[in-house]
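Opened the notebook for a quick pass through this one.

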Amino acid sequence: EGENMYSLKWYRDNVEFYRYIPSEDPSTTVFVMPGLEVLDYSTPTHIILNNVISDTSGVFKCEVSAGPPRFSTASRTTHLQIVDLPTSRPHIYGLRSSYRVGSLLNLTCESGPSSPPTTLFWFLNGSKLSPGTPH
């Protein structure tokens, strides 16, 4: 309170990727990191990322430091997760058009690649089945 800002820094997973020190020229430095493309019109308090990928996910921290004589520091962290959904619906393999009563069904349900990995569930007549339970 009442102190001048010395620096404002951004980190992903404790690795600095953006630094703003108003007393320096240039005042802004952007460090190259895989999965982080900081757009030029970002500001110290508003980072804009382009072409995010799954690897962009992580713990982001904004850290503000005051100037002399105390150089006090405050920071906030948050977790950012980039979600990449499958491009198609799940597909069931091994299904025939008809079965006899008492027949064994051996079916496989697969989904396309995603991040985080897709979680699939089986339903029978609208009721969710428990894994490993015969029905």
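Predicted model: local features only at pLDDT ≥ 70, side-chain atom pairs only at ≥ 80, totals over all residues.

I started with E63 and K61, and both count as buried (buried is under 20% relative accessible area, exposed over 50%, partly exposed in between, with a 1.4 Å probe and protein chains only). Their side chains meet in a salt bridge, 3.9 Å from N to O. For that term I used a side-chain nitrogen of Lys or Arg within 4 Å of a carboxyl oxygen of Asp or Glu.

Residues are numbered from 1 along each chain as its sequence is written, and side-chain values use heavy atoms, with hydrogens and water left out.

**Salt bridges, continued.** How many salt bridges does the structure hold? I get two. Besides the E63 and K61 pair, R19 and E16 join their side chains at 2.7 Å, N to O.

**Fold.** I went through the secondary structure next and found eleven strands and zero helices.

**Overall shape.** What is the radius of gyration of the protein? I noted 25 Å, whereas a compact globule of 135 residues would come out near 14 Å. The radius is taken over C-alpha atoms, and the globule rule is 2.2 Å times the number of residues to the power 0.38. The C-alpha trace spans about 85 × 25 × 20 Å along the principal axes.

**Burial and surface.** Of the 135 residues, 22% count as buried. I put the accessible surface at about 10400 Å², with 53% of it belonging to carbon and sulfur atoms; areas come from the Shrake-Rupley method with a 1.4 Å probe. I also looked at contacts (heavy atoms within 4.5 Å): among those with a separation of 6 or more, 40% are between residues 24 or more positions apart.

**Charges.** I counted 10 positive and 12 negative charges, and their mean positions are 17 Å apart. Lys and Arg are the positives and Asp and Glu the negatives, leaving out His and the chain ends.

Most residues other than glycine have a negative phi, and most peptide bonds are trans. So I went looking for exceptions.

Then the cis bonds. The peptide bond from D25 to P26 is cis, with omega near 0°, and P26 lies in the loop between β2 (15-20) and β3 (28-30). The bond from S115 to P116 is cis as well, with omega near -5°. I placed P116 in the loop between β9 (108-110) and β10 (123-124).

Terms used
Helix = DSSP H or I, 4+ residues; strand = E, 2+ residues; numbered from the N terminus. Charge placed at Lys NZ, Arg CZ, Asp CG, Glu CD.
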